[in-house]
Amino acid sequence: MNICTIIKPNLITFSKYTEKEKTLNELIDLINKEEKIKDITSIRKKIFYREGLMSTGIGLSIGIPHIRIAGIDKPIIAIAVQPNGIKDYESIDNLPVKLIVMIICGEKQHKTHIKILSQIVSLLKKNDNITKVIKSENSSEVFKLFTGK
């Protein structure tokens, strides 16, 4: 499974929020609107439960909230860019998170989940892509940086 086939332009946003909770809710609401999820409440609870265990701020201005949950047939990736940063994200390097890539996979899609995480991190670490995404002017630019399309 390649992230290029999963990422959709309508699931990329430039967040108006600089608070972690509001930005995560914004992404969950976007997923619900675009993907018509049956049980968005469970997704919301699981995302925030996961964040409560340990922040998904992996450093380098990136947050990757990710869950596996029943009722999801195909992986979903939603992306939020916040150039001013989310200071309360509690990233491991204590820097504000400027790019959030939310991943939701089916409960039994463990290998797919790991592959997606790996592909995203590899892509963002190449060729200063993190900076390029954060400096993008619109969701089309972000989509192109992630997919090459």
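**Entries on Gln 109 and β6**

I began with Gln 109, which lies in the loop between β6 (97-106) and α3 (110-125). Helices (H or I, at least four residues) and strands (E, at least two) are DSSP runs, numbered from the N terminus. I noted that this is a predicted model, where local features need pLDDT of at least 70 and side-chain atom pairs count only at pLDDT 80 or more, while totals for chains, interfaces and linings use all residues. Residues are numbered from 1 along each chain as its sequence is written, and side-chain values use heavy atoms, with hydrogens and water left out.

Next I looked up its neighbours. Outside four places in sequence, Gln 109 is in contact (heavy atoms within 4.5 Å) with Arg 68, Ile 72, Asp 73, Lys 74 and Pro 75. The side chain of Gln 109 reaches the backbone oxygen of Asp 73 at 2.9 Å. A polar atom of that side chain also lies 2.5 Å from the backbone nitrogen of Gly 106.

Then I turned to β6, where 9 of 10 residues are buried. I checked its pairing, for which DSSP must find at least two bridges between two strands. Strand β4 (residues 66-69) runs parallel to β6, with 4 bridges, and Arg 68 stands opposite Cys 105 in β6. Strand β5 (residues 76-86) runs antiparallel to β6, with 7 bridges.

Definitions and conventions: Polar contact = N/O pair within 3.5 Å; in protein donor to acceptor, adjacent residues only side chain to side chain. Buried < 20%, exposed > 50% of the residue type's maximum accessible area, 1.4 Å probe, protein only.
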